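Thank you all for making time this morning.

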Amino acid sequence: MSAPTTTAAAAPMSKRKTLEALSGLLLVLFVAMLSSTVVSTALPKIIGALNGSQTQYTWVVTATLLTATATTPIWGKLADLFNKKLLIQIAIVVFLVGSVAAGFAQSAGQLIAARAFQGIGVGGLQALVQVAIAAMIPPRERGRYNGYLGGVMALATVGGPLLGGLIVDTSWLGWRWCFFVGVPVAAAALFLLQITLNLPTVRRDNVKIDYLGATLIAAGVSVLLIWISFVDDSFAWVSWQTGAMVGGSVLLLALAVWVEARAAEPVVPLHIVRERTTALAILGSLAVGMAMFGGAVFLGQYFQIGRGYSPTEAGLLTIPMMAGVLISSIVAGRMITATGKIKPYIVFGAVVLVIGFAMLGTIDHETSLVFVGLAMFIVGVGVGMTMQNLVLAVQNTVALKDIGAASASVAFFRSLGGTIGVSVLGAVLARRVTDRITHDLAAAGIPASGGGSTLNLDALPEPVRQIVRAAYGDATGHIFLISAAIAVVGIVAALLLRPVTLRSSLDLPDTGRSVAVGADAVDGAPAFDEVSVDSAGREERTRR
């Protein structure tokens, strides 16, 4: 049984206090996203300066995603048990320490380790910001505020690559400032939250933290992701290493399910995950995460290595995607608030996402930048209409006391999909690039030892440099085709979502009790619904 809860009745905050608190939360979200995007265009030069390989290039991204993924459900569950504001501040401190450590890294291995620690903080921030917003704003109104979230996402995703490019192109700064630059922003967010965020504290007696379940989930996911990163490179698909790692991961995750089903306070409540809306949103988020993170993370590499642009120019070239995210999230958010409907926008976004990735799947090292920009804009529109709205669909179906675990579950699977996507697509890209470079070097009569294994192109002879650029430019399109195929799963999940009208209250009505819930008249419908909530937390509405 859950521990007894003592809290004041949930009531929406005033608009002024909501905007004040939201300013700090949006700054937190900004700094978390900036940590990833600021290195996207700078990473080729960073890895080149540290004499790293393509595998290490992928792992700088994967390490952060892996630890963020493994810790997200833990942070989410802690938010249901302890003070949300304090947890956000702890996550910021962890993020700050990881950022400083990354900035002082002396090798690619040290950088990967620092980014892994930084990911623990990122996992907390990406889960807890959503939880805090859900504790302040009812689902119906949250559609409008999702526009602000989309704006911050777009700003971080556009500003990050530009800032990273400027930093590495400025001789008196250097690439280390790509990690140091987030420190003052995070410190400012810490201060702003202290004075603006005031959420009701939930006091729970006899709190029990499911340490065993959290450990099993983190271990099972980590082993699986490590296997994905090394299979077909360090060892074969059919090998004793594959059997040991996949078998060990399955065993750990099976034990985690067994523990979660019996824990008093499970990290991932199974009754929430089994709900139709949550299960489909998780499936959709998994697909969107794999496609989006797995594909977009290599765009900076495509522009710099495949096309020969500077980091700053590569950052500017990513603007169309971010413009798509910004415009679609703001427009869709306001339309969702006006109508209370969410499924049509998720379905449309999922379809658009597939179309955009399919277009990017045709690019090579000579494709028109106008076409590439159009395809990126379409991908951005798809991302803006799906990512936050999948979380919102789940938050609408659960009680406020479970909002942390529910939100974190969706974020967990989205990050899991992103980590798998980066690992798998990175491995595919590395294999295709290696094969292409080896073939073209042989065709040009250049020995394989003549270069091509390093991302430091300045150290390569001109003929080899051209071969490497063409290899990367041509291979990138292939991974976007894979992203499009993965994103099709998101369309299926979106189509199967149950059509619902977002509720206008912070919390679900008491189980089994019918209450009148105010709603604006939509398409001539009556202004009030009769809402019944069954034991599983499902809303059943009857028009009056």
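Let me begin with a definition: a residue is called buried under 20% relative accessible area, exposed over 50%, and partly exposed in between, with a 1.4 Å probe and protein chains only. The model is a predicted one, in which local features need pLDDT of at least 70 and side-chain atom pairs count only at pLDDT 80 or more, while totals for chains, interfaces and linings use all residues. Residues are numbered from 1 along each chain as its sequence is written, and side-chain values use heavy atoms, with hydrogens and water left out.

With that in hand, let me turn to the aromatic residues. Rings of Phe, Tyr and Trp (for Trp, the six-membered ring) are paired if their centres lie within 6.5 Å, and the planes count as stacked under 30 degrees apart, edge-to-face over 60, and tilted for the rest. By this rule there are five aromatic pairs. One of them joins Trp 175 and Phe 179, and it is edge-to-face because the ring centres are 6.2 Å apart and the planes stand at 90°. Trp 175 counts as buried because its relative accessibility is 13%, and Phe 179 is likewise buried, with a relative accessible area of 3%.

There is also an aromatic cluster, made up of Phe 104, Trp 177 and Phe 180. Trp 177 belongs to helix H7 (residues 177-180), where helices are DSSP runs of H or I with at least four residues, strands are runs of E with at least two, and both are numbered from the N terminus. With a relative accessible area of 41%, Trp 177 is partly exposed. Its C-alpha lies 9.8 Å from that of Val 38, although Trp 177 and Val 38 are 139 residues apart in sequence.

Which residues of helix H8 are buried? They are Gly 182, Ala 186, Ala 189, Leu 193 and Thr 196, and they sit on the same side of H8 because they cover an arc of only 105° around the axis, the arc being that of the directions from the helix axis to the C-beta atoms. The face of H8 turned away from the buried side carries the exposed residues Pro 184, Phe 191 and Ile 195. Phe 191, at 56% relative accessibility, counts as exposed, and its C-alpha is separated by 9.2 Å from that of Gln 89, which is 102 residues away along the chain. As for length, H8 (residues 182-196) has 15 residues and reaches 21 Å from its first C-alpha to its last, close to the 21 Å expected, where the expected span is 1.5 Å times one less than the number of residues.

Helix H13 (residues 299-306) is mostly covered, since eight of its eight residues are buried, among them Tyr 302 and Phe 303. After H13 comes Gly 308, with a positive phi near 85°. In helix H14 (residues 311-317) we find Pro 311, which is buried at 2% relative accessibility and whose C-alpha is 8.9 Å from that of Ile 167, 144 residues apart in sequence.

Now to charge. Side chains of opposite charge can pair when their charged atoms come close. How many salt bridges does the structure hold? It holds one, a salt bridge being a side-chain nitrogen of Lys or Arg within 4 Å of a carboxyl oxygen of Asp or Glu. The partners are Asp 474 and Arg 436, whose closest N and O atoms are 2.9 Å apart. This pair links distant parts of the chain, with Asp 474 in helix H19 (residues 462-496) and Arg 436 in helix H18 (residues 403-443), 38 residues apart. Asp 474 is partly exposed at 23% relative accessibility, and Arg 436 is partly exposed at 29%.

Also in helix H18 is Ile 420, which counts as buried at 15% relative accessibility.
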